Amino acid sequence: MKARVLLVGLMSLALVLAAGAGRAAAKEFTLGVSLASDVNPFYIAMANGMKMQAKETGATLRFVTANEDMATQLNGVQDLIAAGVNLILISPIDAVASGAAYDAAAKANIPIMSIARGAKSEKQTAFIRMNEEQIGEEVGQWVVKQTGGKGNIAMLSGPAGASFAYFMAQGFKREIAKNPGLRIVAELHSGLTREEGLKLAEDVLTAQRDLAVIYAANDEIALGASQAVQAAKRATIKVTGLNGIPPAVMAVREGRMALTVGLNPVDWGKLGVKTAVDYLNGVKPGKNVYIRHLLIDSSNAQSIKLPPPPKK
Amino acid sequence: MVQFNAAPAAATLAGGERRRSRWSLLLARYPWLITPLALLVMSAVAALLSDHFLTVRNVTNILNQAAVLAIVSVGMTVVIISGGFDLSVGSVVSLAGCVGAAVMVRGSIAGGVLAGLGIGLLVGVMNGVVVSLLNVSPFIATLGAMVLVRGAALLFTGGVPIVNLPETFTVVGTEGVFGIPIPVLITALIFAVFWVLLQFTPLGLKIYAVGGNREASRLSGVAVNRVTIAAYGICGALAGAAGLVLTARLRSGQPTAGEFYELTSIAAVVLGGASLTGGEGKVQRTVLGVLIIQVLSNSLNLLNVHSYWQRVLVGGIIIVAAAVDRFRRTA
């Protein structure tokens, strides 16, 4: 019985404490942020970039979590609307199912911008994104230059339904098709993990005796593939990735990977907040706002600054 | 620490702590007061700290968000009263939503609703059969079902959400009647039906009896196995209904939806003061338990509390709720 009285007390205390921690001085604009995950290093870095930019431009950020669950994300966006934010930045978990969240924001006259992942909704105010097709083309051009336009290529293209992976692969294939000496001998799909990259690459290496390049849809797949290449002692095969995460840059420095594409998530977050604040100040962006990217290979990997290892 | 205070109300009265004992007496006399009181205090605190909490928009928002969990939790209450529990509800929410969505995409909304409810009922009855006739513990039986049904949902959809639902169905998730969202109305209807079922029908009485003392019920002529199967069937069918409402809200069948619903709904039932050993519990208190969980998550979002802290708090509350259940029994 008394324990239940205690329960009431504890929960109220939790709320009070939490509120104390959560309160911030009122500033010009409040931006609501719903990222797809709060444990994925990529989104943690993006959130940090957002905080930096918000500090600089004097905006307040409100984060709600989604944990890669569409229902949780929808609830969070509704909470942001109820809290009366000026604009919502969201990386939708599902391009179609997120439509309800965009409609809810539009109904409340709150602009809603997508970041990193896009939505099919017409209510999307802007999409702060990478230029997947162009990145794919540039990776293709790099492969042409490195191979002299000759050799076999295996593609580990990532999830079959993911639009970023699809458009990047399209751009890549377009460049490769211009060179009759280059041949794509396999294209396989998988999740974006190192484990799956390793397994697929092992299969590809067994099936293909003569390979010059393994193209991977992201760095995790590429790192898995590079492990398989090392194990098979076929180190002449060039492995390419995407994202420029620190372990991939290290792998490029050490020659285990040939190429990654730096998409700095911190800068991405900054660009998101900057675009949002500009919009609220009356500077309307286009429908697509592109984050800059950088090809990282052995020629410049040493000069890329990596974040210090996390403190214990 | 707390444990020292967990003595019966009469004992503290003798100890001369008059002020607190008056509270204890009141709550000892009306134990159901504690859950609404908890909700009231939390809401008051949230309203004090955020100007946005007590707005029509936000209250509607909370009720709408609570609907799916509330429907699952009503079913969970029935199973827990009958002395079992069901870990498969989250997976059933997802499978029923996906199957229902698939049927609707092919043209029949009524067919989709029936399919969703039917899948839920089927899984529930299977759980009931495994638990009662095969005598497998509810934990193992429904843990197996949880994994199996999740796999079935992924197989059925190929891991890809089912979209392009007819708009006549998705309005269920977006529209309201006189400002009350349709999911809330559906929840209210389900709540009323199962309140009547548990309090005023022979089946309700038998569910309480079987949960309170299975052997005594059997000896007094209750078909205990049939009652158990009925309780699990109800829980499964309601999880199916929740899956359909969620599908309308998300405008898609999501094979990964509904994760952790089993744990959150059990937490809601326990917060509502039901006993995990069976024979006790009321749907009206479970609904209050659901609202406590939803108000907590909503107000933490309104107050801009970091998501990591939210996990810690929600987890802590589940532990406290379970501990409270234990104290209540020993005190």
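Start by selecting Gly282(A): this glycine has a positive phi of about 100 degrees and sits just after helix 10 of chain A. Helices (H or I, at least four residues) and strands (E, at least two) are DSSP runs, numbered from the N terminus. You are looking at a predicted model, where local features need pLDDT of at least 70, side-chain atom pairs count only at pLDDT 80 or more, and totals for chains, interfaces and linings use all residues. Residues are numbered from 1 along each chain as its sequence is written, and chains are lettered from A and ligands numbered from 1 in the order in which they are written.

Now step back into helix 10, residues 265-280 of chain A. Colour its buried residues, among them Trp268(A), Leu271(A), Val273(A) and Val277(A). Buried means that 20 or more other C-beta atoms, placed from the backbone, lie within 10 Å of the residue's own.

Next, zoom out and colour by domain. Chain A divides into domain 1 (27-129 + 265-291) and domain 2 (132-262), with bounds from an automatic or database domain assignment. Their centres, taken over C-alpha atoms, are separated by 31 Å.

Then show the six-stranded open sheet of chain A, with order 2-1-3-4-5-11 and parallel pairing; two strands pair if DSSP finds at least two bridges between them. Its edges are strand 2 (59-64) and strand 11 (288-290), each pairing on one side only. What joins strand 5 to strand 11 of chain A? Select residues 124-129 for strand 5, and you will find three bridges to strand 11, running parallel. Ile128(A) stands opposite Val289(A) of strand 11.

Finally, visit the four-stranded open sheet of chain A, ordered 7-6-8-9 with parallel pairing. Strand 7 (182-188) and strand 9 (238-240) are the edges. Tyr215(A) stands opposite Thr240(A) in strand 9. Across strands 6, 7, 8 and 9 lies helix 5 (residues 132-147), at about 170 degrees to strand 8.

Definitions and conventions. The expected span of a helix is 1.5 Å times one less than its number of residues. A residue is buried if 20 or more other C-beta atoms lie within 10 Å of its own, exposed if 12 or fewer, and partly exposed in between; C-beta atoms are placed from the backbone. Two residues are in contact if their C-beta atoms, placed from the backbone, lie within 7 Å. Axes are lines fitted to C-alpha atoms, for helices over the stretch in contact, and angles run from 0 to 180 degrees between N-to-C directions.
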